[in-house]
Amino acid sequence: MLNYWFYSHATWEVATVVCSAMVILPLIGLFFFHRLVPWEVREPDTKLVGLSYALCGSVYAVMLAFVAVGTYETMEKTDSVASEEANSLGGLAFDSAGLPAGLAVRLRSDIDKYIDIVTGSEWPNQRAYRMEERNYEEGWAQLRQVGLDVANFEPETQGQATVKAELEHVINELFSARRARLLAANAHLPNAVWQMLVFGLGLVAIYIFLFGPHNYRMHMAVTGLTMLSVGLVFTLIIALDYPFRGELSVSDEAYVVVKEVSDRAFSQAIPGAAAHEKKK
Amino acid sequence: MLADFFYNNPIWLVGLVVIGVWTGLSLLGLYIFHRLIEVRVRHKDTETVGLTYAIVAVVYAVLLAFIVVDVFETFSKSDEIATAEANKLSNLMLDSTGLPPQMAEAVRTDLQSYIDIVVKSEWPSQRAGKLDEAEFAPGWTVLARLSARLAMFEPATMGQNVNKGEMLHAMNDLIKARRSRILAAGEHLPYVVWQILILAGMVAVGYSYLFGANSFPIHLAATGLISATIALVFVLIIALDYPFRGEVSVGDDAFVGVAATAKAAAATVEPAGHH
């Protein structure tokens, strides 16, 4: 429910809500704490609290920063996985020139259909985190068709046999890349990590309450700014998590480019191929 | 617009502007804050502010440092991608010696014209941030022609067939490397990450306003130095981001090297070909 909200709204809206909640709730907590534990009790030990807070604060800060960077790196890797799949599709389209003309046209047409399924159906499903297998069955079926086109082809010459071997190699890579993409689309920060981050934040907030500054407004400012800073990093983690979901997500540009580039490059480099495409 | 300014000017100028603007605004903020909240109000709690600054400072410092390292790694990877592409071109040049002379000559001509397009047209386009598909269309056309030439080639001997297999494989790797280079040329730090870095930087600088220093010039100096350090890291990120753009970018040396090696090799092989 909360996840759905995060990824169906703009990042600035998520940032506003997350940061506001993370600043206002601790300030309310501070208000009550201030009433329960008088300032006079806390003031003499402010230095002690501060020195021990250094350890607690630093551990939490380093952990938070590492999680943010780890999420960013995962997003980059996922981008590479999608590029790998697109690269294999491009390789198949280019190698198809070595097949008999009719089969080459059919293979390129099947590759184009697969790209249409990926960009037209699978990408919107990934963005909305509809990861049920049935949403990806059409893509698998089309990819199996691409595999069958090549597997059923009986080469008549040595040259065609070599082309077939290379195509089979690329198809295997394509299957692996697709599987890796679908797994990556499911991946996200484990709930346990989120729980640790939120629980740790609670401890940090309580630690800040223990300080006994002379000015209550100063205490509010210190608490608010610390929470705002952590809230911004939380927003960054939310934006980068679920790499195929939401406003900031891996795009399908690589697939779109493969289709356009292969079609145009073929029609310019091999006029015969262009004629076949038109007949189709 | 801002990216154009960053990547069309020398890095020292970009550095001066970024550090100047960021530090200037931080000091202006401190001046206004100093007028609004008297120093005696803050002075008593300077110790508390200093002790609680830890978390804000550490989160921001670690995050900033890691993002610099990541941008640097992306830059290195882009360099590796360009080198991989050049290596595949070199492999194809070398493998072409096993083809019939006429075919080998045609393959080498295609490879040479591809290198010319990459060095003379695509690299300047990448440096200027012009990444429209049209900029890369001539390169794709040459590769499609070469790929089709190899795929349609009918070997007359077992040896030629092995060569064909190896060249088709190298060709696919070349296409992958090219596609990866074009994608890498458009890669940059997501805007959301920039926005968070700037906002969190403002919080880190703003926190330092809460100190109640005895001397206002010392407070100015401390805030100015914190801001300048943050801005310096921003400049480093700007310089390394967009790996194929601007003054600090991946060079075309690997492609130039392949072209030079190929010319030298052709001069050596030619007499044997004639023979």
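This is a predicted model: local features need pLDDT of at least 70, side-chain atom pairs count only at pLDDT 80 or more; totals for chains, interfaces and linings use all residues.
The interior of chain A can be described in two ways. In terms of burial, 43% of its 280 residues count as buried. In terms of contacts, those with a separation of 6 or more may be considered, and 81% of these in chain A come from residues 24 or more positions apart.

Gln126(A) has its place in helix α5 of chain A, which covers residues 101–127. Is Gln126(A) buried or exposed? A residue is buried if 20 or more other C-beta atoms lie within 10 Å of its own. Gln126(A) has 26 other C-beta atoms within 10 Å and is therefore buried. Which residues does Gln126(A) contact, leaving aside its neighbours within four places in sequence? These partners are Ala185(A) and Phe244(A). Val204(A) provides a further point of reference for this residue: Gln126(A) and Val204(A) are 78 residues apart in sequence, and from C-alpha to C-alpha they are 36 Å apart in space.

Chain B may now be examined in the manner of chain A. Chain B has 10 helices and zero strands, and along the sequence its pattern reads α-α-α-α-α-α-α-α-α-α. The radius of gyration of chain B is 27 Å, but a compact globule of 275 residues would have one near 19 Å. The C-alpha trace of chain B spans about 95 × 30 × 30 Å along its principal axes. Of the 275 residues in chain B, 42% are buried. Where contacts in chain B join residues at least 6 apart in sequence, 81% of them are between residues at least 24 apart.

The next step is to consider how the chains meet. Across the interface, 63 residues of chain A are in contact with 54 residues of chain B. On the side of chain B that touches chain A, the elements that give two or more residues are α3 (39–43), α4, α6 (133–152), α7 (158–185) and α8 (191–209) of chain B. Which of these elements gives the most? It is α4(B), with 15 residues. By class, the residues on this side of chain B divide into 33 nonpolar, 10 polar and 11 charged.

Two packed helices are described by the angle between their axes and the distance between the axes. Helix α4 of chain A and helix α4 of chain B each comprise residues 46–95, and their axes come within 8 Å and cross at roughly 20°. Angles under 35 degrees count as roughly parallel. Therefore α4(A) and α4(B) are roughly parallel to each other. The contact of α4(A) with α4(B) has 18 nonpolar, six polar and four charged residues. As to handedness, α4(A) passes α4(B) in a right-handed crossing.

Conventions
Residues are numbered from 1 along each chain as its sequence is written. Chains are lettered from A and ligands numbered from 1 in the order in which they are written. Axes are lines fitted to C-alpha atoms, for helices over the stretch in contact, and angles run from 0 to 180 degrees between N-to-C directions. Helices (H or I, at least four residues) and strands (E, at least two) are DSSP runs, numbered from the N terminus. Angles under 35 degrees count as roughly parallel, over 145 as roughly antiparallel, 65 to 115 as roughly perpendicular and the rest as oblique. A crossing is left-handed if the near helix is turned anticlockwise from the far one by less than a right angle, and right-handed if clockwise. Ala, Val, Leu, Ile, Met, Phe, Trp, Tyr, Cys and Pro count as nonpolar, Asp, Glu, Lys and Arg as charged, and the others, Gly among them, as polar. Two residues are in contact if their C-beta atoms, placed from the backbone, lie within 7 Å. A residue is buried if 20 or more other C-beta atoms lie within 10 Å of its own, exposed if 12 or fewer, and partly exposed in between; C-beta atoms are placed from the backbone. The radius of gyration is taken over C-alpha atoms; the globule rule is 2.2 Å times the number of residues to the power 0.38.
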